[in-house]
Amino acid sequence: MTAQVVAARDDLEPGEAMRLELDAADGSLVEVALARAEDGDYYALADVCSHGQVSLSEGEVEGTTLECWLHGSTFDMKTGRPLSLPAIRPVPVYPVSYDGDNVLVDIDVAASTPTESTN
C-alpha cells in the first residue's frame, strides 16, 4: 500500500489535530494523530503518547509541537522527539504528502523514530 488520502487540506484549521485509524498493508490498524501546524503544514505521528499511553490527537498544537493532554509532555511533530518531561521516548512519525487539495499519509513506509532523548 502507498500513501493514503486521509483529509482535505482545509479539514483542519492551523493549530488543530484529529485521530485517524488507517489500514496498513499487513492488515493491521494504525492509530495516527494528524495535526496541522500553525504555519499550515500537516504532520502525522503515532497517536499514543510514549509516556501516558493516551491519545495525542486530543492535545494542543502550538507551532510545530503537540502537547499531550494528560501530563503535558510536548513532542516535535517533525521528528517525534519529546521536548518536555515526563515523556523521554519519541513517538513514530509518518511521511505526509499532498496531491492537490488532498493530504496523504504513508504508514507503510517504516515510521521514522529518532533515538531516545538524553535531555
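The model is predicted, so local features need pLDDT of at least 70 and side-chain atom pairs count only at pLDDT 80 or more, whereas totals for chains, interfaces and linings use all residues. Residues are numbered from 1 along each chain as its sequence is written, and side-chain values use heavy atoms, with hydrogens and water left out.

The protein chain contains zero helices and ten strands. Helices (H or I, at least four residues) and strands (E, at least two) are DSSP runs, numbered from the N terminus. The order of elements from the N terminus is β-β-β-β-β-β-β-β-β-β. The radius of gyration is 13 Å, close to the 14 Å of the globule rule for 119 residues, so the chain is as compact as a globular protein of that length. This radius is taken over C-alpha atoms, and the globule rule is 2.2 Å times the number of residues to the power 0.38. Along the principal axes, the C-alpha atoms fill a box of roughly 40 × 30 × 20 Å.

Of the 119 residues, 41% count as buried. Buried means under 20% relative accessible area, exposed means over 50%, and partly exposed lies in between (1.4 Å probe, protein chains only). The chain exposes about 6,100 Å², and carbon and sulfur atoms supply 46% of that area. Accessible areas come from the Shrake-Rupley method with a 1.4 Å probe; for residues, only the protein chains shown count as cover. Contacts (heavy atoms within 4.5 Å) were also sorted by sequence separation. Among those between residues at least 6 apart in sequence, 42% join residues at least 24 apart.

A search of the whole structure gives three salt bridges. The criterion is a side-chain nitrogen of Lys or Arg within 4 Å of a carboxyl oxygen of Asp or Glu. Arg 19, Glu 21, Glu 31 and Asp 47 are linked in a network of these bridges. Arg 19 meets Glu 21 with an N to O distance of 2.7 Å. Arg 19 is partly exposed at 39% relative accessibility, and Glu 21 is partly exposed at 46%. Arg 19 also bridges to Glu 31, at 2.6 Å from N to O. Arg 19 lies in strand β2 (residues 17–23) and Glu 31 in strand β3 (residues 29–36), so this pair ties together parts that are twelve residues apart in sequence. Glu 31 is partly exposed, at 33%. In the salt bridge between Asp 47 and Arg 19, the closest N and O atoms are 3.4 Å apart. Asp 47 lies in the loop between β4 and β5 (60–62) and Arg 19 in strand β2, so the pair ties together parts that are 28 residues apart in sequence. Asp 47 is buried, with a relative accessible area of 1%.

The model holds one aromatic pair. Rings of Phe, Tyr and Trp (its six-membered ring) pair if their centres lie within 6.5 Å; planes under 30 degrees apart count as stacked, over 60 as edge-to-face and the rest as tilted. The ring centres of Tyr 42 and Tyr 98 are 6.5 Å apart and the planes meet at 65°, so the pair is edge-to-face. Tyr 42 lies in strand β4 (residues 42–46) and Tyr 98 in strand β9 (residues 96–99), so the pair ties together parts that are 56 residues apart in sequence. Tyr 42 is buried at 3% relative accessibility, whereas Tyr 98 is partly exposed at 32%. The charged end of Arg 9 sits over the ring of Tyr 98, 3.8 Å from the ring centre. Here the rule requires NZ of Lys or CZ of Arg within 6 Å of the ring centre and within 35 degrees of the ring normal.
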